[in-house]
Amino acid sequence: MENLLSEGLELMVFGMGFVFVFLTLLIFTTAGMSKVVSKYFPEAPAKPKAKKAAPAAATASNDELIAVMTAAVHKYRS
Amino acid sequence: MENLLSEGLELMVFGMGFVFVFLTLLIFTTAGMSKVVSKYFPEAPAKPKAKKAAPAAATASNDELIAVMTAAVHKYRS
Amino acid sequence: MENLLSEGLELMVFGMGFVFVFLTLLIFTTAGMSKVVSKYFPEAPAKPKAKKAAPAAATASNDELIAVMTAAVHKYRS
Amino acid sequence: MEKLTQLFTASGIYNITGGQFIMILVGLLLLFLAIRKNFEPLLLVPIGFGGIMANIPEAGLAYSAVENAVHFAVPDVLNALAGALNIASTDPHDIIHAYHGASAAEHTAAVYAAQDSGYNNGMLYNFYTVAIASGAAPLLIFMGVGAMTDFGPLLANPKTLFLGAAAQFGIFATVLGAVGLTAVGVMDFNIQEAAAIGIIGGADGPTAIYVTSLLAPHLLGAIAVAAYSYMALVPLIQPPIMRALTTEAERKIAMHQLRHVGKIEKILFPILLLILVALLLPDAAPLLGMFCFGNLMRECGVVDRLSDTAQNALINIVTIFLGLSVGSKLSADKFLDLQTLGILCLGIVAFGIGTACGVIMAKIMNKMAGGNSINPLIGSAGVSAVPMAARVSNKIGLESNPQNFLLMHAMGPNVAGVIGSAVAAGVMIKFVS
Amino acid sequence: MEKLTQLFTASGIYNITGGQFIMILVGLLLLFLAIRKNFEPLLLVPIGFGGIMANIPEAGLAYSAVENAVHFAVPDVLNALAGALNIASTDPHDIIHAYHGASAAEHTAAVYAAQDSGYNNGMLYNFYTVAIASGAAPLLIFMGVGAMTDFGPLLANPKTLFLGAAAQFGIFATVLGAVGLTAVGVMDFNIQEAAAIGIIGGADGPTAIYVTSLLAPHLLGAIAVAAYSYMALVPLIQPPIMRALTTEAERKIAMHQLRHVGKIEKILFPILLLILVALLLPDAAPLLGMFCFGNLMRECGVVDRLSDTAQNALINIVTIFLGLSVGSKLSADKFLDLQTLGILCLGIVAFGIGTACGVIMAKIMNKMAGGNSINPLIGSAGVSAVPMAARVSNKIGLESNPQNFLLMHAMGPNVAGVIGSAVAAGVMIKFVS
Amino acid sequence: MEKLTQLFTASGIYNITGGQFIMILVGLLLLFLAIRKNFEPLLLVPIGFGGIMANIPEAGLAYSAVENAVHFAVPDVLNALAGALNIASTDPHDIIHAYHGASAAEHTAAVYAAQDSGYNNGMLYNFYTVAIASGAAPLLIFMGVGAMTDFGPLLANPKTLFLGAAAQFGIFATVLGAVGLTAVGVMDFNIQEAAAIGIIGGADGPTAIYVTSLLAPHLLGAIAVAAYSYMALVPLIQPPIMRALTTEAERKIAMHQLRHVGKIEKILFPILLLILVALLLPDAAPLLGMFCFGNLMRECGVVDRLSDTAQNALINIVTIFLGLSVGSKLSADKFLDLQTLGILCLGIVAFGIGTACGVIMAKIMNKMAGGNSINPLIGSAGVSAVPMAARVSNKIGLESNPQNFLLMHAMGPNVAGVIGSAVAAGVMIKFVS
Ligand code: NA
Ligand code: NA
Ligand code: NA
């Protein structure tokens, strides 16, 4: 029993410790990566909107599209 | 052979008997359930039409919907 | 080693030979089949156009829909 | 030159047997029926194609590793197999016989011996093992069918369950027919085989495959082909029987419009049915459980994405594998048999009796209800074959009375027939397995 | 007449045990909560239905071939099983005990003995083996969740990862609670069981199922039900804790709009996370690897058809099987236990502690950042329960300040919580398995 | 403190080997090529990611239970494994060697020993077993490809099948090259390995994977990576060869518009092809059978829902698992080898020879047809790599004659190349397996 309790305690200490160490490292690497990316590979700002429209149209077939749109019209009209 | 025939006959009698017993019980429980439901949980009658529009609209989140619609309009206009 | 080389050579000769024999047979059977089909089961030539007409009709009704939808989008956006 | 001989002696032309040739023609016939005549194409296209593949000479696609090893009959391999199966004879026939009757441990030993000699299961054999021998594929199809089924018409008029019950008489009469033919010495079926043949009369593909895979897997090819072919033939088989058993006046009977059935009732029905199965016939639990699960997903309204998948991607994937797996049972040595002929004959009798009993029951119910409220034509829909049988009822009804739309009224007995044959299947599994 | 008795003595009514009756009610309760109260219906509908099916008397759907063979207790079969398992006793309990502790070879021998006597695995047992025992289903769900996750808010404000870390304290505190209850003699959990219970506090279904299937599979039913139920109860459990730990002024804090995050960052993040996992905690590699793989498919923009499938057809299919498989662990003899009660109590404590730690960490971070830039309400989202917990943060925030939209700010800690609990899971698998 | 050491000594940083480090870089390179350079991303994203996961130190995701047990080298476990494999030595290398050459029974005994000691198959190893070792994944992909293939252009001009035949010379020349390099002592390939390498020249991913999994599974990683990479490089590899072998006048040749091909012809073609395979080369039956099945589902018009699923949900699911499974063969000890370098070199030679032979055959056919009706540029499409190679033909054609659209003309040889390499695969399986 003693042993079980100390096992639990140890698990808590090392577990939480490791979780914090890991996520802290992740914060640093992520922040570093973002910095490098925004410095060396800056994004053209206008693109995303144009892109988002195209695939949506392509993936939804016409029939589906009409169904969704009709529903939308109903909803927003009523 | 005798034995096989009597087995077949027995299977028929008990099989059909059981099918009828089972489905008869199902009729009674179903009818009872319907009665209870219509008595204690009556349905609002107007709903169904409104409902049909809702799910289509509900599954697509608003943002997605706008994207799809905008794309559609663009596609058919251009 | 000798043996391996001759195995490779043999594989090449028989392999390419068989590929050619197989595809040649396929050419003849295919050509024969096409001849038989076009002779005994000729296709009605006018159909495809009729099929294409249907979507055109659909697009006509689409225009109306688009008007409604555009209005909806405008309304929702504003 | 040696390689050329090797190539030729391993070719299909050199090795094809008469049986394989005939079975390839049968496969082509099934494809023709499916594609040109629209005979249940979703199943018969994969079954027919699988049947052709199963009969490709020397490819052994439908055989297990052991069967493939025996086919090539290398003496050392036969010795190893005989040793694994604890038999003295190394005759291929004896080995196959011992293999089919082997204990699980001997079976594994034989498989190991075959693998060690470099033989493997054929592709279709693997598909069969995963899809059908495990029982999974028919159950998943049943789940998908449940997710496609609307119990509304049945709930609006639960009495039509009687019609679904009566039509199952075709199943049991056919069982009796099969044992009768055996008794008079025309055929040779045991009770398990007779039960599996009877289930053709249930007019329900996945139920037939599930029961047959449990009771008589060696008959699976013939029974599945018969079941799906006759389901496709419903518009030809049923009308003469329906017309013979009804009067013009009866066929003219118009039925009251069905009441609206609420969402709560539709949600509770599959749960109720499951509990009834649990209390009365646990052996029908896998079939009806999955059916009810599919239906609950459909009706509960909160798991639409699961219900959509069950009705589309999942059932389609399973159908492909199920069809090819059934096709694997069309190999010549398993299909070309007097039994197959008997199965085909008994199967159509089963359909006919089921149809007749459904109509007669509907006539009785109509009489008891005053004689003018139940059109007996809806009785034939009790065999299931959803939704074909209901459409047939509607069509014959329209012929007599152009204002009379029986379709929704026939959907009740139609789905009742699905439940009825699943219950009958449970009884048979209970008694004869 | 004999057949009638046979039918009755094999029926559910005759055989149902009190435990099975109660568990069927529990299954119905889960269905009610899922359908009417919208408690995580995608999982609880299949789990509840599977639970009912698992408790159908005599059907044995949730049992292995050996368990089914022991259930019917035919003396010859028990003898064969005892022989296979190398034990002298033929008492059913002893056989089951020996079966669970058997070596792989003895296990196979017992399975062979059961199969030779005609017993088979139940349908749900097969589903469990394929979906959960193999580890595949939770990993594939995690892949799908990865493909649905947008790490944008996290990348815009990586500090919120701390909140995802803090909220995992609930996991480890619960482990301590479980061993504490054992130490004082109230409960009886070993360290593996305690760890599996703790993971409920991770508020992440697939992680909980994956860890439990590795550490304490016999508790899977209770832990999965607790995890999904409490995730559904997040809108009830969290708000009082959040209000108690924050001041009105803190709840009013408005946060700056998040910066736009580019495509390249989003592509690199899952790769970075995978490499960090590879270098630091290989035991979390399956979970986080599949999660990162799903996310990379989403973000890379060149495999949209794979990403769509991972988010739709595949995750739906896997969810159906996962739910039914979890349901198979709701059989009365595995679920109705004092332990289950303990698990339910500890689980909700875990949620509470996780929520509290998240909020407290957010308060600390806010203090350190000047006291007016981080709204502590987003801390509670660190438990994961995506996206419910983030919505709760937003809702409570709106109550205090109707102009304050915290949703996107709370999505950062929310997805951080998923990573955090997967890391915690890896640590536990490393130390206690 | 002890736990901290334990955590560190089990971490990736502590255990990573040089090989694993390099292979992780290779995985990242594949991801870069797939995502930025659009190199067959549907396959190379999963392969690259799987490759990284396979090289996570200590995680053992790509290893079987036995390999994982040997890796940790606990003396008792090694003893048990040596006993199971009937060898005296307990040296890890000897055990692994014995394991790979074990009989089926010894193999099972070793797996049992590993499981009893608590070791399990890695996730990727399981994926590999189910997807590739079973042969299922490449066959299902081939079915999907069949369902996506339009044989119209081929049927309109069946002579182009000759081009698909000629381009297979690349395969066999490479086999000869591989055995030649072995003969002169530069490399060390046996005939099975040489055949598997040659199939890279078939420019068809699933065929290459299927053949390699049968003939030389240990080379699967290198061969699959080479096959897909070179398929992506077709627009760079082919044009110089095409220009070198053709005159400007030849490149300018305009081809007549193709005749319309009817539905019946398209339905009959896959059936005809299947029967020809059945009669002549049963060893190609699995590959071409599934291909024809997919195509028949597409063309027959009565099973559109199955065809849609085969082209979408099913092929996507299989692609995910196939890619990860191939990635599992990128573990350092299996990939980093002089052989891999040889494979990469021979693979590109195979592509080049195939392209050249296709063009030369087209020139010959053009000469024989009068010199002005067949543009030799369509010959290069005979290597398959559908539809990339056909597009390359079209592009080079447009450069010489802006009015000349070769795309549809090149689609004939393009799909003929798929058939051709499947036939070549069948011959190799027949002769060298
Ligand atoms: Na029926
Ligand atoms: Na979490
Ligand atoms: Na090719």
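Start at the end of helix 9 of chain E: select Gly135(E), which follows this helix and has a positive phi, near 85°. Helices here are DSSP runs of H or I with at least four residues, numbered from the N terminus. The model is predicted, so local features need pLDDT of at least 70 and side-chain atom pairs count only at pLDDT 80 or more, while totals for chains, interfaces and linings use all residues. Residues are numbered from 1 along each chain as its sequence is written, chains are lettered from A and ligands numbered from 1 in the order in which they are written, and side-chain values use heavy atoms, with hydrogens and water left out.

Now select residues 123-133 of chain E, which form helix 9. Met123(E), Leu124(E), Phe127(E), Tyr128(E), Ala131(E) and Ile132(E) are buried; buried means under 20% relative accessible area, exposed over 50%, and partly exposed in between, with a 1.4 Å probe and protein chains only. These residues span an arc of only 130° around the axis, which places them on the same side of helix 9 of chain E. The arc is taken over the directions from the helix axis to the C-beta atoms. An α-helix has 3.6 residues a turn, so residues three or four places apart point the same way. Val130(E) and Ala133(E), on the other side of the helix, are exposed.

Stay in chain E and go to Ser400(E), in helix 25 (residues 388-400). Ser400(E) is buried, with a relative accessible area of 10%. Leaving out residues up to four places away in sequence, Ser400(E) touches Glu248(E), Arg251(E) and Lys252(E); contact means heavy atoms within 4.5 Å.

Next, move to chain F and centre on the sodium ion (ligand 3). Its protein donors are Gly202(F) (O), Val383(F) (O), Ser384(F) (OG), Gly417(F) (O) and Ser421(F) (OG), at 2.2 to 2.8 Å from the ion. Donors are N, O and S atoms within 2.8 Å of the metal (3.2 Å for Na, K and Ca); water is not among the atoms, so sites may look incomplete. Along the chain, the donors of this ion have the spacing G-x180-V-S-x32-G-x3-S. Ser384(F) is in the loop between helix 24 (338-368) and helix 25 (388-400) of chain F, and Ser421(F) is in helix 26 (residues 407-432) of chain F, so the pair ties together parts 37 residues apart in sequence. Ser384(F) and Ser421(F) are both buried.

From Ser421(F), look across to helix 13 of chain F. Ile171(F), Phe172(F) and Val175(F) of helix 13 meet Ser421(F), Ala424(F) and Met428(F) of helix 26. By class, this contact has 5 nonpolar, 1 polar and no charged residues. Ala, Val, Leu, Ile, Met, Phe, Trp, Tyr, Cys and Pro count as nonpolar, Asp, Glu, Lys and Arg as charged, and the others, Gly among them, as polar.

Switch to chain D and the sodium ion (ligand 1). Gly202(D) (O), Val383(D) (O), Ser384(D) (OG), Gly417(D) (O) and Ser421(D) (OG) coordinate this ion at 2.2 to 2.8 Å. Ser384(D) is buried, with a relative accessible area of 0%, and Gly417(D) is buried, also with 0%.

Finally, show chains D and F together. Chain F superposes on chain D by a rotation of 120° with 0.0 Å of shift along the axis (RMSD 0.0 Å), by least squares on the C-alpha atoms of residues with pLDDT of at least 70 in both. The two copies are thus related as by a three-fold rotation axis. In chain F, the C-alpha nearest the axis belongs to Ala313(F), 3.7 Å from it.

Definitions and conventions:
Helices (H or I, at least four residues) and strands (E, at least two) are DSSP runs, numbered from the N terminus.
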